[in-house]
Amino acid sequence: RKSVNTDLKCKIREWKDYDIKYWESYGISLKWLKLAEVYPISHKIIVKDNHSYVFKADKYAYAYVEHKEGKVTLKIYQPFNKKYKWSNKHDKSVISLWTKVPEYGDKICICSSLKDALCLWANTNIPSLSIQGEGYSMSKTAIDELKRRYKKIYILLDNDITGLLDGVKLAEETGFINIILPQFEGGKDISDLMKAKGKEAFLKIILPLFNN
């Protein structure tokens with residue numbers, strides 16, 4: 001059976017007012033998006049065995065760029081697209097924002113998406129990372145490196161059944177501190193909470209979780 005080599009590329013466009021408004025609803029400014037290497041895109045390009053297939057991206061469409069061991073990979077996020085919300089070439093070992101967080105610190109948090117990690121970091125000043133989705137584990141190298149660099153390492157995943165179970169599992173595998181997002185109307189994750197409650201109420205709910 002012939003193997004097919006696929007790659008993911010994109011065409012970046014200018015930031016528009018509606019992009020900035022979308023991300024600011026989660027408390028994430030353009031400065032944070034630039035730090036995280038999040039870019040608005042006009043087209044998604046799938047490369048299969050040296051043939052390029054170009055698809056027009058949604059109005060709201062963003063590329064997340066990651067660098068791991070000299071390799072650059074993309075994840076494309078179309079938040080309002082039910083069928084093609086995600087296209088991902090990050091492998092399961094990629095931890096988003098790994099190259100952006102401070103080298104050492106008192107605390108850091110593992111989230112289940114880049115948007116949640118950015119929302120948490122931008123609004124609380126707690127450096128945050130994200131795995132490539134719930135159910136993903138972390139390598140022993142990454143676990144040991146975080147333990148060497150940070151005094152306390154937290155896990156804060158979604159508060160649905162899947163997220164709650166995966167948070168417990170990841171804590172057992174890593175020895176990190178699992179904390180639970182309280183239930184609320186309007187969503188299940190960190191960024192949903194920010195959008196539903198606004199920054200002041202968000203901080204009143206979130207910050208005590210890290211102080212217990």
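**Second largest pocket.** I looked up the second largest pocket and got a volume of about 270 Å³. The model is a predicted one, in which local features need pLDDT of at least 70 and side-chain atom pairs count only at pLDDT 80 or more, while totals for chains, interfaces and linings use all residues. Residues are numbered from 1 along each chain as its sequence is written, and side-chain values use heavy atoms, with hydrogens and water left out.

I noted the pocket rule: on a 1 Å grid over the protein atoms alone, a pocket is an open set of points with protein on both sides within 12 Å along at least five of seven lines, a cavity is a set where a 1.4 Å probe fits but cannot get out, and lining residues have an atom within 4 Å of a point. Points are joined across faces, edges and corners, and a volume is the space filled by probe spheres set on them.

The second largest pocket has 17 lining residues, and Lys 68, Ser 93, Ile 95, Trp 98 and Ala 142 lie nearest its centre. I found that β4 (62–68) and α4 each supply at least two residues of this lining; helices (H or I, at least four residues) and strands (E, at least two) are DSSP runs numbered from the N terminus. The lining divides into six nonpolar, six polar and five charged residues. Here Ala, Val, Leu, Ile, Met, Phe, Trp, Tyr, Cys and Pro count as nonpolar, Asp, Glu, Lys and Arg as charged, and the others, Gly among them, as polar.

**Helix α4.** In α4 (residues 140–149), the buried residues are Ala 142, Ile 143, Leu 146 and Arg 149. Why are they on the same side of α4? They cover an arc of only 140° around the axis, which puts them there; the arc is that of the directions from the helix axis to the C-beta atoms. On the other side of α4, Lys 140 and Thr 141 are exposed. Buried is under 20% relative accessible area, exposed over 50%, partly exposed in between (1.4 Å probe, protein chains only). The cover over the buried residues includes β7 (105–111), β8 (128–130), β9 (150–155) and α5 (161–174), with contact meaning heavy atoms within 4.5 Å.

**Largest pocket.** I read about 460 Å³ for the largest pocket. Its lining has 25 residues, with Lys 85, Trp 86, Ser 113, Asp 158 and Asp 189 nearest the centre. β5 (71–77), α3 (114–124) and α6 (190–197) give two or more residues each, and α3 has the largest share, three residues. I logged nine nonpolar, seven polar and nine charged lining residues.

**Cavities.** I counted two cavities of 30 Å³ or more. The largest cavity holds about 60 Å³, and its lining includes Ile 131, Tyr 136, Asp 166 and Lys 169. The second largest cavity has about 50 Å³; α5 gives the most to its lining, with three residues. That lining has five nonpolar, four polar and one charged residue.

**Cysteines.** How many disulfides are there? I found zero, a disulfide being a pair of cysteine sulfur atoms within 2.5 Å. The closest cysteine sulfur to that of Cys 111 is in Cys 109, at 4.2 Å, too far for a bond. For Cys 119, the closest cysteine sulfur is in Cys 111, at 8.7 Å, also too far. Cys 111 is buried at 0% relative accessible area, and Cys 119 is buried at 0%.
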